Amino acid sequence: MKIKSLALIAGLTMSLGAQAAVTITFDEFPATNDNAPITNEYAGLGVTFGATNAGTWGGLSAGDPGNWDLEGTNGPAFLGNNDAGYITSIFFSSLINNVSFDASRSSGSNAGQTLTISAYNGAALVASQTITFGDINNWTSVSFATTGIDSLILDGSDTGFSPYGIDNLVIAVPEPETYGMLLAGLGLIGFIAYRRRA
């Protein structure tokens, strides 16, 4: 009976890793190319953006509208930010466990520019990291593997003009089947424990 219980627990542990990935390349819709922020374009994927971004841009291979000197990492387009505060807010409709994206400074920015990324669950800060950008169009990958993230705040901090772009946003959301398997497994373990006592 112990072997069966251990096999069941091992199966439950493996099932907890099941996650669906959503990838946003910013090539899914035509680039705005006009400093008009995107907000709800990706709401159907469970992602919305605050209104302080500079919209999506076509990239170098699309003629470099806006003179960003950037080419997206997974297609030409990217989400830009050249707003005075350099804050990009990303909101998730459900809690996520893993998120990653690529970021680069763009034309007109200073060498050594930093980007601080903070992950939140409501008002509670759950993780944070700061990256220092390399050369223009030299993308840096950023990732968080933290349970319970509902928003990211990207803060481009530097003196002077500090524009940057982000691309290839990948979000891992637990699949509903994961919770069902977990509940079924816990119920079975409880039943086995009950039978042992009887």
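The model is predicted, so local features are given only where pLDDT is at least 70 and side-chain atom pairs only at pLDDT 80 or more, whereas totals for chains, interfaces and linings use all residues. Residues are numbered from 1 along each chain as its sequence is written, and side-chain values use heavy atoms, with hydrogens and water left out.

**The chain as a whole**

- The chain has 2 helices and 9 strands, where helices (H or I, at least four residues) and strands (E, at least two) are DSSP runs that are numbered from the N terminus.
- Read from the N terminus on, the order of these elements is α-β-β-β-β-β-β-β-β-β-α.
- Of the 198 residues of the chain, 39% count as buried; buried means under 20% relative accessible area, exposed means over 50%, and partly exposed lies in between, with a 1.4 Å probe and protein chains only.
- The chain exposes about 9,600 Å², and carbon and sulfur atoms supply 58% of this area; accessible areas come from the Shrake-Rupley method with a 1.4 Å probe, and for residues only the protein chains shown count as cover.
- Among the contacts in the chain with a separation of 6 or more, 73% are between residues 24 or more positions apart, where contact means heavy atoms within 4.5 Å.

**How the strands pair**

- Two strands are said to pair if DSSP finds at least two bridges between them, and strand E2 is joined in this way to strand E5 (residues 87-105) by 3 bridges, with the two strands running antiparallel.
- Within E5, Ile90 is the residue that stands opposite Phe49.
- E5 also pairs with E8 in the antiparallel sense, over 12 bridges; Thr88 stands opposite Leu154 in E8, and Ile96 stands opposite Ile149 in E8.
- Strand E6 (residues 114-121) pairs with E8 as well, in the antiparallel sense and over 7 bridges, and the bridge partner of Thr114 in E8 is Ser157.

**Ser151 in strand E8**

- Ser151 is placed in strand E8, which covers residues 140-157, and Ser151 counts as buried because its relative accessible area is 7%.
- If its neighbours within four places in sequence are left aside, Ser151 is in contact with Ile90, Phe91, Phe92, Ser118, Ala119 and Tyr120.
- The side chain of Ser151 makes a polar contact of 3.4 Å with the side chain of Asp150; a polar contact is a pair of N or O atoms within 3.5 Å, where within protein one must be able to donate a hydrogen and the other to accept it, and where residues adjacent in sequence count only if both atoms are side-chain atoms.
- Ser151 and Phe49 are 102 residues apart in sequence, while their C-alpha atoms are 9.5 Å apart in space.

**Aromatic rings**

- Rings of Phe, Tyr and Trp (its six-membered ring) pair if their centres lie within 6.5 Å, and planes under 30 degrees apart count as stacked, over 60 as edge-to-face and the rest as tilted; by this rule the count comes to 7 aromatic pairs.
- Phe26 and Tyr42 form an edge-to-face pair, with 5.8 Å from centre to centre and 80 degrees between the planes.
- Both members of this pair, which are 16 residues apart, are in the loop between strand E1 (19-24) and strand E2 (47-49).
- Phe26 counts as buried because its relative accessibility is 0%, and Tyr42 is buried too, with a relative accessible area of 4%.
- Phe26, Phe29, Tyr42 and Phe49 form one aromatic cluster.

**Loop residues and backbone angles**

- Thr25 lies in the loop between E1 and E2 and is buried, with a relative accessible area of 13%.
- Leaving aside neighbours within four places in sequence, Thr25 is in contact with Asn74, Ala77, Asp167 and Asn168.
- Most residues other than glycine have a negative phi.
- Phe26, although it is not a glycine, has a positive phi of about 65 degrees.
- Asn137 likewise has a positive phi, near 65 degrees, and is a residue other than glycine; Asn137 is found in the loop between strand E7 (124-132) and E8, and it counts as partly exposed because its relative accessibility is 28%.
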